[in-house]
Amino acid sequence: MHIIPHTNIETLANRFIEDLLSKENFGASHAKGGFLTGGNVIVCESKGLQEYLQKKCVDRHGIWTALPFKPLAGLLMQCAYNLSPKEHKKDENENIFNANNLVWAIYKLLKDEKKTFFFASEIASLFSAYQIYRPELIEKWNKGETYENPKVDENFKNNEKWQRELWTELKAEYKNELDISQLYEFTESELKNSKSEKKFLPKQIFIFAPLSMAPVHLKTLTLLAEAGCKVNLYLHLISGEYIGDTKSEKSIVHLRKKSWTENGKIIDENRLYWDLGNRLIANLGRSAQVLYEQIGWENLEVIDEPLNENSLLEKIQADIKNDNNSQLDNNSQLSTLNSQLSITLNNCFSPLREIEVLCDYILDLFANKNLSPAEIAVVSPNIETYASAIEMVFGRYEIPYKIADRDLKKYDKTTQLLNLLLSQIGGRYEAADIVALFEYSKFVRSEELNSNDRERLEKWVRENAIRHGLESSAEPPNYSFESGFDQLAAGFFMISETGFSEAQEYCYPDIEGNSARILGDFVCFVRALKEIEEESKKEKSVEDWDKFFKENLQIFFGADETDFNEDRDNPYQKVIGTWDALKKEMLTGFGGATLLINFSVLKNALLKKMEAGAKNSYSLSGKVSFSNFETIRAVPHKVICCIGMNGKDFPRQTVSKEISIIAAEYRQGDKDTANEDRLMFLETICSAKEALYISWIGQSEKTAEELEPSSVVVMFLKNLEEQYGVDKNIVVKHPLQPFSGKYYDGTLSTYDNRWQSTARNSNNIWKWEIAPDEAEKKRDIDELYKILSDVPKYFLKDVCNIELPEDTPLLEKLEPFVVERGLEEWKLADLILKERNIRIAKLRGELPNGKFADKSIENIKKEIEELKERTEGEIPGTFWIYPSKDKGKYRLRHWLYHLDLNLKEKVNTKIFLKDCTILLPGMEKAKEILDKLWELKLELKKRMLPIFPDAAWEYKQTSDLSKAWQKLDSYSQYAKMAMKNAESFKDLGIEEKFIEYSEKLFENYNGVAEAVE
C-alpha cells in the first residue's frame, strides 16, 4: 500500500489530483465504464472533500470531471464478488446481508409481537456492525457456538442468546448466501491464493483523507495491494510528529488513580513516561491516534512544511502540527498575536441571536478584510436548528448563502407532501389539515392556487359544516366531507329559491360554473384519500402495494411524465423511484417469499428511504456555506465559523443500545462518534487560514442561567488560557435583544440600524416613532371605527407589520355543541336580526343541534323580538340594534355613523341596546368633529396612542382611572402586548395621554340614554 501523508490538506489534494489525472490514468484508451479517470476507483467519504477535490480539478487543469467516488465498504464487497466464480457474481446491493436488505430479511422472521419496522431496523444495524467489527462473533454463531465474554453480566448473555438464535434462523433461511464477514474471509483467501483470477480487480484505488477505518477494511486493502492492485492512501495528518503516546487529561487522571491504588502514592510523571504533548491533540485527537496506530506510524514518511506564526490562530495551528506544548515567551508576544483578531468567541442567548451576531461579524469581514462569501464557511453540529434564522437574517442583508444538510422533511417539497399525506391516514381528517394538504399538493405540482381560489375553497368548507371525517352515516349535519360535498353538488346542479330541493335536501347556493373546477379537483383529492384510508386497513403483498401506489399517488404528486430538466424535480417520479428502490430491497430481503405487509410498516420505511436517498446539497458555489461538521471537515477556508457549540449538542454521544454486544466490550478501532467529532473540531481549527469564530448558547433565554458550552470549547478555552495566557474576557457575552443599548453606546457594534431610534427606549412601544406617510384621501367610516376600536392592533399590525397568531383565520375542526356566551351569542343574534334561516345556519355548521342549543336559540329569539318591538315607528336608516348591553365601543360606533349621516342633513339617530336606548340629536358641526377624529388616524401612522373606547367612556362617566383600567381586559392580543404586565396607566407612563385622548374621542358627544325597564 502506497501511503502519502501530509499535514496540509491543500498540498495533499494537489498531490491526489496530479496522481489521479496523470497520463497513465487519464485517457480514452484506459477508460472503463465511461469514466474519464481510466476506470480507477476513488474513495472519499466526506461530501465536502469530494466537492473540494472536484474544484481542485477545475482550478489546476481547467477541466471539470465527475469523479466516480465510491464508499469503501461497497468497493470492498464488489471486489469480493469480482473474485467469485462466474455463477456467483452479483452487485453488492443484492446481498441479503447488506444492511438495507437485511432489515426485511429480519422482519420476515420476527414474531408477531416484535414484527415492526423499527425493531427490524435496529437489529439489522446491530448485525451489520457485528459483521464488520466483530467477525469472530459471526464466525462462532455460524458454527452454532456461543460467543462468550467472562467480564459481562447476565443481561449480555441473554441478549447474545436470542440474537444468536435469530442469526441462526437467518443463515438457515438464506443458506446459499455468504454474510459480509464470510465475504471478507473469502476475499482474503482468494487474494492470498496465487492461482485465483484477479483481472476483475480495480487497477488502482485512491483513498483520500479517511477520518477512521474499520480494521477489516484496512486488512483487506493491504491484501489488495499485495495482490497487485495499487492502493494509494492519502492520509491527512493532524500532526507531523508521533502522537501515539500523548495522554489526555482524562487518561492522566486514570493513570494517577491506578498508580495510587498500586503503590499508595502517585509515581513521578517522568518515571511513567507520560507524553505531555500538545493538549488539544491529547484531548481531541484520540481518533487520529487510533488510525495512525492501525496504519503503522513507522510506515509514514512525513514531509515538513514551513508554517507561519503571525497570529494567535497560526501559532495554535503550528503548535498542533508540531505537537508542541510550549508557552509564549512574554505578554508582548501575545499582544502582537492577538492584534490580528484571528479568534473570536461569542456567548449568546438563542439560535436567532447567534445568527444575528454572526451576520454582524461576516458583514465586518466584507467591509474590512475584503473577503468574498466563498471564503467563509459556517459549520454546526446540526445546521437545521439555524436554517430559519439564517434565511431571515442573511436574506435581510442579501448576503449570498447556501445551506446544506437540511432536514429533508423541512425543505424538500415532495418529502414534506409525502410526510403530510401519510400522517393523515388513519386520523380524524380535520378540515383545516385536508385543505392545507390539498393546497400544498397543488403547490408541489406547480399548480398553486391563487388567492381567490383559496378563499373560495375555505369558504365552501366553512359554510357547508365540513369539520372532520371523510364519511358518516348520521343524518346531516354530520360535519363530514361527504355530507358537505352533497350540499355543494346539490347547489351546483339544482336551482332553488328556498335553499332546499323537493326532497328537502339543502342546496348550497354560492357556487358558479367557472369556480366548479377547483371544487372538482378537491372532491377527487378527498376521494383519493378515502381510497388510501380504506386500503390502509388491509395487509397486501409487495406487488399489490406496488400496483396500488402507482395507480393512486398521481392525484397527489402529479402525472407520470418524463422531465428532462435535471434542475426541476418530478414529484411523482421522485416518490415512485424511491418506492421502486424500497420494493427491490424488500423483495431481496424476503427471498422470493410472498409476505403480507401492513400500511404502517410501508409508511415508516418509505419516509426513511426518502431521507436516505436524499442528495447532499453542499457545494462550493461562491456563497457563504452552511453545513454540519461531518460535511465540511478538513476543507480549508479563510474564515471558519462554528455555531451551536452547546454542551448538549457536541460532541455527539453514541447512544449505546442496551442489546448491543459491541457496546458491552469496546475495542480500539470500533466506531466512536464522540471521538470522531472531537477530531473534526481539531481539523476545523487547522483548516481556518485567517480567522476562527466560535459561538454557543451560553445563557438561558428564560432565566438567564449560565449554560456550559461544548466540552471541546471548554478544552479550547482552557488551552488558550494555560498555554497562551489569553484572558477569559476573550469570550463576548451578547445581550438578549438586538436593540440593547450596548450596541449603540460603543460597548458592542452592529450593522443592524433598525433599532437605533428605539434602543434608548428599550422595548417601550409607547415611545416608538414611525416615519410619516402621505395622508389617505378616501374616508370609510367602517375603517375608522375598526381602527379606533382596537388601536394597538392597527398600530402594531398595519403600521409596524407585526403579525400575531390570533389574526390567522383557521377552519373549524370541531362541531359546535352549545351556544357560548359572547361572540357565539352575538353571531346568533345577528342571524336572527337579519332574518336568516336557522335551519340553513345549522346545516352550515354555524349553529349547534340538539335540545340544549334549541333552548338557547329560543331565548335569544325572544330577546331580539323584544328589541325589534322597541323600534316600531322609527324611521329606517336612522337607528341600529345591538343585541348587547351599553359599552363604550357601541357608543363610539353609533357616534361615528351619526356624524357621517349628519354630513348631508341634520337628523336624529338611535341605538337600541338590551339595557337602554340612546338618542343622538342632529349635529350642524358634524364635518368639523369628524375631521378631528380622522386626524387621530394620521397620528396613529406615526406613534401608538392610548385610545380604548370602553375605558375612555368609563373615564368620561366616572373620572376614575382605576375603573377605566378594568375595561381593558377584553381587548385583543395586540393590546395585551402593549399592556405587558402593567397594572395601571401610570405603570405605562401614559396616564395623562389617556385622559387627553379619551376627551378627544368623545368630544362634543351628546347622547341621551333612556334605561329599559
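The second largest cavity of this predicted model is lined by Arg 353, Glu 356, Val 357, Cys 359, Asp 360, Val 393, Arg 396, Tyr 397, Pro 738, Tyr 743, Thr 750 and Asp 752. A cavity is a set of points, on a 1 Å grid over the protein atoms alone, where a 1.4 Å probe fits but cannot get out, and lining residues have an atom within 4 Å of a point. The volume of this cavity is about 90 Å³, a volume being the space filled by probe spheres set on the points, with grid points joined across faces, edges and corners. Helix α15 (351-368) and helix α16 (387-396) each give at least two lining residues, and α15 contributes the largest share, five residues. Helices are DSSP runs (H or I, at least four residues), numbered from the N terminus.

Across the whole structure, five cavities of 30 Å³ or more are found. The largest cavity has a volume of about 140 Å³. Its lining comprises 16 residues, with Ser 212, Ser 287, Val 290, Gly 669 and Asp 670 nearest the centre. Two or more lining residues come from each of α12 (286-295) and α28 (673-687), the largest share, five residues, being that of α12.

The protein has an average pLDDT (the predictor's confidence in each residue, from 0 to 100) of 83, and 83% of the residues score at least 70. Of its 1013 residues, 50% are buried, that is, under 20% relative accessible area with a 1.4 Å probe, protein chains only.

Residues are numbered from 1 along each chain as its sequence is written. Local features need pLDDT of at least 70 and side-chain atom pairs pLDDT 80 or more, whereas totals for chains, interfaces and linings use all residues, and side-chain values use heavy atoms, leaving out hydrogens and water.

Technical notes:
1 Å grid on protein atoms, 1.4 Å probe; cavity = no way out; pocket = protein on both sides within 12 Å on 5 of 7 lines; lining within 4 Å.
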